[in-house]
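Reader: I would like a close look at one part of this model. Please keep it brisk.

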Amino acid sequence: MAQILVLLSLLKKLMLKELGSLSSLRFNNFLFCILFIMSAGLESRAPKAAFWSTLFFQIVLLAPLLVTFSVDTQHRLPPARVATWPLTRTQTLLLSAVSFALNPLFIVLFFGYLFWMGLAAGLFFVLLALVVHATVYAVGRLPFELRTHAGPSISRTPLKVGGIAQEMWRELRGTLDFWAALFIAISGTLYRLFGHAPEPEAFPVLSLFVGIAMSTIAQRLLRLDEGRALLRYRLLPIAGWKLLVTQDMTFLIPLAVMVSLLSLRTGVSFGLVAIAVGRYPSLRQRANQRRWRFVGGDPRFGVAQVVLGGLAGIGAARTGLWVLAVAFALYLASVFWGELLWRRSLTG
Amino acid sequence: MIDCRAATKSYASQPVLRGIDLVVEPGICALLGANGAGKSTLLRLLSGLEEPDSGSVFIGGLAFRDHAIEIRRNLGVLPEGLGLFESLTTIENLMAIGPIYGLTKSETASRATNLLGLLDLTQGRHTVARNCSFGMRKKTALAMALLHKPKVLLLDEPFEGIDPASSAVIEMLLGQLSSDGATILLTSHILSIVQKIATRVVILHQGRVESDFNPPTADEGVEEVYFSIVGRPQPEVPDWLRS
């Protein structure tokens, strides 16, 4: 037991250290929206109705989020190190289960549900989390390793930067944001194609949700692989703007495909603004992203992405293509500015 | 040619390089020193990844501030962090950068196949970089540095973590490039290899150049000179480690 207490104290120290650095207080725009929905639901006159009406988005977010909470908890101490320690299997399981509760976001969500829907919902959330955690723990001990497979190659284009686009596309697919956005896009498209009297006003809104789910990625376009490729980019004889445009297009084209049957102009306008706003943190902030996680962004830029992108998206849907042209102009300005930032980053 | 003049660099007001003057002509120059002596920092300055606090760096007579892209076209770097594209396979890593250095796709494919064969990576060519062993990753990064046959090579510990057979191949490749007129600056802790391949040895100690000599013509071997500068350790085994 003494060993477990020592390890828990170590975990607590590591968690506080993570919280202590500003870079660890990272916000995902989609998560930010859910917390906003939660707080709005709590303050509304009919909080229970608000809960049920937003349940779809909560499930889209919670399912992968709980898996990542669990994996993160188990990886806060390096697994290769823990495996060499003289701990029994029961001690390891106990350590893993107790340390799960040390995740600050888990605690925030528990209290959120407790105050929103009462004790039953709070306990159900904890139970769900424990089931997810036990499953992740069991899968992690299966006698095989989940390995990354390369997947199909898209670098056979005549473009010189095809390889960079391919790297970016694979890293994009390694974020949970991409899959959450795809899930919303497919659900929205099915609603449009097969729903009973679908509401046309809903399509731009769904398109916006797809954009919001993807938008935090635009703040970390250069660091989706924990910043490792950035070192190579800095060694390559390539102009900064070419690199930035390649990465932007690898973000924008999948977004455009996802929203193509919802509201293309809304999604593309939102995407262009999200990239432009995300340019500075993408180039200057040193917050590296891990695979199979929601991307962590800077809340100041996140709010700007959602508000300005939302205005552009709704504006493009309601008033016409000139808003899309404005969004494109903003994007072009961000490319020129990005080139300057890139050059500065190469010289210190 | 590499030309570094009075370069200094500090991190958090802790000086790491204290006025390095170094001109490296074609050949193989080995940069030695204890951990923390400033070898990797100097390589980062020379590869343009960082700027010196004072002093200047020229590669082939050009400065990074004004000619970064021209310099990089003729520069091959094996950085400390390797700089691999983690989600691409070994062969894809090479195929991704070839066209950026001006090689055609077929040239890139042919050179990549040669390099992977030489470095014993043919079997693992379709393995995604993040799944590769440390040695495979280092050899892939080395192949990326060699792919465009650069005139200047900066290699941070190219032999560490590499199997003996591949080490011998790397020695052969560097020797060939050097005799073709390339300027190679490498860091290493394996003194026997340095003794064998280096035409010049520079020893850094506490951020300064403490020794600069040519092993083939020197009276003393690399190991003797190295330990005379950094000191030969006289460790005492603690009591609790004795039986």
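How are α2(A) and α7(A) oriented to each other, roughly parallel or roughly perpendicular?

Author: First, some ground rules. This is a predicted model, where local features need pLDDT of at least 70, side-chain atom pairs count only at pLDDT 80 or more, and totals for chains, interfaces and linings use all residues. Residues are numbered from 1 along each chain as its sequence is written, while chains are lettered from A and ligands numbered from 1 in the order in which they are written.

Now the two helices. Helices here are DSSP runs of H or I with at least four residues, numbered from the N terminus. In chain A, α2 covers residues 29–43 and α7 covers residues 104–117. Their axes come within 9 Å and cross at roughly 25 degrees. Each axis is a line fitted to C-alpha atoms over the stretch in contact, and angles run from 0 to 180 degrees between N-to-C directions. Angles under 35 degrees count as roughly parallel, and 65 to 115 as roughly perpendicular. Therefore α2(A) and α7(A) are roughly parallel to each other.

The crossing of α2(A) past α7(A) is left-handed: the near helix is turned anticlockwise from the far one by less than a right angle.

Which residues meet? From α2(A) come A:M38, A:G41 and A:L42. From α7(A) come A:G112, A:F115 and A:W116. Contact means that C-beta atoms, placed from the backbone, lie within 7 Å. By class, this contact has 4 nonpolar, 2 polar and no charged residues. Ala, Val, Leu, Ile, Met, Phe, Trp, Tyr, Cys and Pro count as nonpolar, Asp, Glu, Lys and Arg as charged, and the others, Gly among them, as polar.

Chain A also touches its partner: 28 residues of chain A are in contact with 32 residues of chain B.

Terms used. Contact = placed C-beta atoms within 7 Å. Parallel < 35°, antiparallel > 145°, perpendicular 65-115°, else oblique.
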